[in-house]
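Here is a short briefing to read beside the model. Please look over the sequence and the fold before going through the points.

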Amino acid sequence: MRSIRLAIVAAAAALCAASAQAEITIGVSLGTTGPGASLGVPYKNALQLVPKTLGGEPVRYIVLDDESKPDGAAKNARKFVSEDKVDALMGSTGVPSASAMAQVAAEFRTPLIALTPLPPLAPDRHHWTFVVPQPTELMMSAVAQHMKGKGVKTVAFIGFSDSWGDLVYNAITSLATDNGYKVVTNERYGRADTSVTGQVLKVISTTPDAVVVGGSGSPAATPQIALVEQGYKGPIYHNHGTVNLPFIQTAKKAAEGAIAPTGALIVAEDLPASFPTKAVSLDFVKRYEAAFGAGSRNGFSGYTYDGVLLLDAAAAVALKKAKPGTPEFREALRDALESLKNIIGTHGVYNMTPANHNGEDERARVLVQVVNGEWRLLK
Amino acid sequence: MNGNIALWLVQDGVTNGAIYALLALALLLVFAVTRIIFVPQGDFISYAGLTLGTLQLGQVPGTVYLLAGGGAIVALIEATAALRAGKSAHLPRIAVVQLGVPLAIAALAAWAAPRQIGPALQLALTLAIVVPLGPMLYRIAYRPLANASVLVLFIASMAAHYVLTGLGLVIFGGEGLRSNAISDAKFDVGVLHVGAQSLWVVGSSLVCMTALWLFFERSLYGKALRATAINRIGARLVGIPTALAGRLAFVLAAAIGALSGILISPITTIYYDTGLMIGLKGFVGAILGGMASYPLAALGALGVGLLESFASFWASSLKETIVFTFIIPVLLWRSLVSRHPVVEDEEE
């Protein structure tokens, strides 16, 4: 229903705006309902806080709901490019949905700002797609380096029995040799499993120096609780999917001490003054919490915001070459995105190259730890 | 794998198995009395767990709207039936029982939620909110189809399950909840640290099973249910109303589901859709027990719990596959030894 209503509003807006040729149009597809809704809503919230212009030109965002489904995202993307003649696409909130949009972006030669990490893409899709979130490997490298510093030699893995568990497992195994540890278990559990005692006993029976959990949100609390209950004393590491409030609310006292990598904005206040993104992160977090309530900060809204910052910087360059709404402008926008340097976002600093369409580095992640029921910067 | 780990796994398996056993009994009871395979059983687990968790957060659980709405629908159905039968004198009673009572419970919950009323009252309130949903579901979804075939009833069950899960997502949202344990105490028994909550689970299951046994052996209603289960037509001939038996079976099933939800919600995170998987495991237990004998079903469910626990140690990624694969040999064996495979449908 909502998507239909939005579509009607969008169509009406498109008719009214037909005369204002110079306006830049961005088509945004997000999963604001369906299984990904708890992520999709903050992604969408951020659009209330973004500037009203891109590169100095007025901008119009058309936001459609894809119900967290890849076919919905593909349909929205096709509608954006064929009916609304958008200058760029943004979205979506799940890996399969964003992948579906990347295909449309390549087909219609329109730049896509992807809001989830993507697996390596085919050359034509890579050409048009720019990925805002940090790659899983970049995030997990913070964990790997921390473990190296602590002298960790054996690491037990327990994670979701789905593609997210695979992504995290692959990241920590590929980083193993460089950081001098061995991954000794690959235990899996389902998001809705009622007990992980068996897996956790297996983990503990290998007496690992550290445990890495490949879960996200509140289901990541299940092994955390079981490990603490079974008396595991070593450090427990998570990933950036776990850095939210539901994890702490679910694990309660057992969450204390859990370590995870995340974008800097989550702990904006704790950052040293010299941290490159401090000003941008802090400003965004303050405005977000003013609009959506104290403690509502999250990484997802920061991805949308950073995506807009990238478009803003690229549009300033592209507007000198062509008029919005033309294929030439889309081409120029893509070229400009690819050569962006030192764009400071809420999550990190972006330096794009033709080979690297994410462009973030170590400055895009910090380690945080649960202290007294809150995520705090690990010093 | 050493002795200690095996003991731990057994403890975990028995705790889960006790819940599965309760659910297996409820499924078997409903099936025997009404021939309904009660798929929505699991939804009552989720509803109860989430209702309790929401109450503990000091918020009004969304299930009260279901209770009030369900009561209104049932009252409407009953009132229409009474008017058609020309018994308008029944209307005030219908209004009080079907609409007044649920509304009173809902109002009580709304009043009590923001006040910290203590764990025992929260448990009682949770049961009072969730259990009446069972007979309401029976009246709305199953009673009109009471004489349909097992297959049609099963399809209605699936539909009811999807509706309940969808409503669960609407009223509780996608995030999970874990309620506070009745007691945080731990006991050291040899190498085991046995949590008080696990003892509560096993103990309550045993009490519940004994109570069920007494109910069926000693009380008139229990005997009526057994008679209906053994022979529906015969029971009707001696004056047992089948509708009453059905409603009673659903009250019991909903109560068992709600109790299971309350018992496990402190040891696992409950989501709006958690119940289905737990309910299915109970169903596997009932099938392992041959879908006929209560003690065998309880044993079968205990076996599922243990199997699951050991499977999660040895091959965690194949855990569910291992558990559900066990249905196949049992079904094969059942269809080989059973001489009257379709007898249930021919009765009516």
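The model is predicted.

**Confidence in chain A**
- Chain A has a mean pLDDT of 88. A value of 70 or more is reached by 94% of its residues.
- Among the elements of chain A, strand β5 (residues 112-114) has the highest mean pLDDT, at 96. Helix α1 (residues 2-17) of chain A has the lowest, at 56.
- The pLDDT is below 50 over residues 16-20 of chain A. Beyond near neighbours in sequence, this stretch makes two contacts in the model.

**Domains of chain A**
- Where the domains meet, six residues of domain 1 of chain A contact eight residues of domain 2 of chain A.
- On the domain 1 side of that contact in chain A, two residues are nonpolar, three are polar and one is charged.

**Overall fold of chain B**
- Does the size of chain B point to a compact or an extended chain? A compact globule of 348 residues would have a radius of gyration near 20 Å, and chain B, at 21 Å, agrees with this.
- Along the principal axes, the C-alpha atoms of chain B fill a box of roughly 70 × 60 × 35 Å.
- Of the 348 residues in chain B, 44% are buried.
- Among contacts in chain B with a separation of 6 or more, 77% join residues 24 or more positions apart.

**A146(B) in its loop**
- A146(B) sits in the loop between α6 (133-142) and α7 (150-172) of chain B.
- Why does A146(B) count as partly exposed? It has 16 C-beta neighbours inside 10 Å, and partly exposed lies between the limits of 12 or fewer for exposed and 20 or more for buried.
- Neighbours within four places in sequence aside, A146(B) is in contact with T242(B) and G246(B).
- T34(B) is 112 residues from A146(B) in sequence, yet their C-alpha atoms are 7.5 Å apart.

Terms used. Residues numbered from 1 in each chain as written. Chains lettered and ligands numbered in written order. Predicted model: local features only at pLDDT ≥ 70, side-chain atom pairs only at ≥ 80, totals over all residues. pLDDT = per-residue confidence, 0-100. Helix = DSSP H or I, 4+ residues; strand = E, 2+ residues; numbered from the N terminus. Contact = placed C-beta atoms within 7 Å. Rg over C-alpha atoms; globule rule 2.2 N^0.38 Å. Nonpolar A, V, L, I, M, F, W, Y, C, P; charged D, E, K, R; others polar.
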